[in-house]
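Let's walk through this structure together, one step at a time. Have the sequence and the 3D view ready.

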Amino acid sequence: MERIPLHIARFIGLVFIQLFLLKNIGFYNLSTPYIYILFILLLPFKIPNFFLYALAFGCGITIDVFHDTLGLHALACTVLALGRILFLNLTISNDSLETEPEPSLSSMGARWFLLYGLLMAFLHHLTLFIFELFSLSNFGGTLLRTILSAFFTLFLMLVISLVFYRKKAR
Amino acid sequence: MRNLWIYISKHNAVILFFIFFASSFILLINNNSFQRASTWNSSNEWVASQYQKVQNLKDYLRLRAINDSLASENGRLLNLIPQRDSSETNGLTKVLDTVSHQQYSYYTAKVVNNSVRQKNNYITIDKGSLQGIKKGMGVLGPNGVVGIVLNVSPKFATIQSLLHSETRISASLASNQAFGSLVWGAGNFNSSYAILQDIPNHIKTKVGEKVITSGYSLFPAGIPIGTVSETGMKGGDNFLNIKVKLATNFATLSYVHVVNNASGKEQETIELSNKTE
C-alpha cells in the first residue's frame, strides 16, 4: 500500500519519457523502444488480475491517446498482462511472493529479470507491430522489427533499473 | 452457480484477458481508419467473391437465353450492313435514306433439326409464316450460305440445304466475277465440299480463292460460300468444274439468318414474263 505513490511516479515518469523523448527516437524505423511497459512489468506480485488488466489497459490507452492510435497499445498491453501472469505463474513459487514486493532487477536477480524483460518486450512488440500493420504479410519484416525493438527496450529497461538499483537489505 | 463462480475465479486471467482484448480490439477497429478500412475491405472482398461465384453459375444457366439474344442481335446488325442497300448492288444512285430502300432484311432462327449425311439434306428452323418466313427465301449461316426455304408452317420452316442434289445457287469467283452454279451431290456426298459448275474454261482460278454469292438470286451479293480447293476438273465441253470447300460447317449449324429480299417478288415476276412472251 505504501508503495502506491512510487508506482504512480514510475507511471508518469515512464510515460513522459516514452511520449516526449522516445517517440522521436528510432533506428531506421526498424527499432523503436517502448519503455513504458516497464511500469506494467514492475507492478506488485500480489496485484489482483483484474487490476493488472485494468492498469495495463489504462496505460496503453494513455499512450494511444498521444499517438493517435486508440486501442492499439491497449491491445498490446492486454496481451502483455496475460503474458506476465503466465510467466510469473511458471517461474515464481508462492513462498517467494512473501518476501519481495515486485519483480524488479534488484529483487529477482539479473538472469531472471533479463529473461522476463526480453520475453515480455518481445510479446508486447510483436502484438503491437502485427496489429499496427493489421496484416500478416511481410511477417519476416515484422519479426525483425520486433526483435530489434525488444532488445532496444530491454537495454533501456536495464539502464533505468540500474539507475534505481537498490541493494538487497539482507 | 457456486461451481460457476469457482470456475471463473480459477480461470479469471484468461477470461479477463478476452474481455480486455475484445474491448481494445473494438476500440482499435472503430477509431483507426486504416484498421477499419482493411477490416471492411477484406470482408467485402470475401463477400464479393461469393457473389461472383453465384453469378458465374447463373450465367452458365442462362447461356441459352444469352445465345438467343446474341443471335437476334446479329440479325439486327446484319440489317445495318451497307450491302443490304439495293442502290449499291445495282450501281444506281446512292440513296441516303437507306431505311426505305432496304432490299434485304434478316430473320434469325434456331435450327431444330438438321441432317448432313443424306443424299438430300433438310434443315428445320423454329420460325415460320407467323414470323414472316416465306417459301423460297435464302438462308445464311454465321459463315455463309446455308440453303433455301422449302416449306413453311405457321411456326416452323424447312430449308432445302445446300447439301441437296436439287439445290443450285448462283455463285461467282471473288477475283473476276465469273459466275456459275454451285451444286452438291454429283458423286460427292462429303458435307464439306460442293462443285461450282459452268465457269468458262478461259477463267483462271487459284486454290484458296474465295467463292461468293453472285447477287443474281435470293442472296445479297458477296456473301461467302467457300474457297476453291481444286481447279482442274473438266466438266463438259467449255466449262470448268471447280471443287469448293464450303465455309459453313453444316454439322454444327445452330443459328441461321433467313434473308428477306424485298424486291425479290418483283424480280421474279418480270423474269417470268420473259418466258411467257
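We begin where two chains meet: 18 residues from chain B and 21 residues from chain A take part in the contact, where contact means heavy atoms within 4.5 Å. This is a predicted model, in which local features need pLDDT of at least 70, side-chain atom pairs count only at pLDDT 80 or more, and totals for chains, interfaces and linings use all residues. Residues are numbered from 1 along each chain as its sequence is written, chains are lettered from A in the order in which they are written, and side-chain values use heavy atoms, leaving out hydrogens and water.

Together, chain B and chain A bury about 1,700 Å², 79% of it on carbon and sulfur atoms. Buried area is the accessible area (1.4 Å probe) that two parts lose on being put together, summed over both. On the chain B side, Phe17(B), Phe20(B) and Leu28(B) lose the most area to chain A, together 32% of what that side buries.

How many salt bridges cross the interface of chain B and chain A? The rule, a side-chain nitrogen of Lys or Arg within 4 Å of a carboxyl oxygen of Asp or Glu, finds 0.

Now turn to chain A. Leu114(A) is part of helix H7 (residues 110-133); helices (H or I, at least four residues) are DSSP runs, numbered from the N terminus. Leu114(A) counts as partly exposed because its relative accessibility is 33%, between buried (under 20%) and exposed (over 50%), using a 1.4 Å probe and protein chains only. Leaving aside residues up to four places away in sequence, Leu114(A) touches Leu154(A) and Leu158(A).

Definitions and conventions
Helix = DSSP H or I, 4+ residues; strand = E, 2+ residues; numbered from the N terminus.
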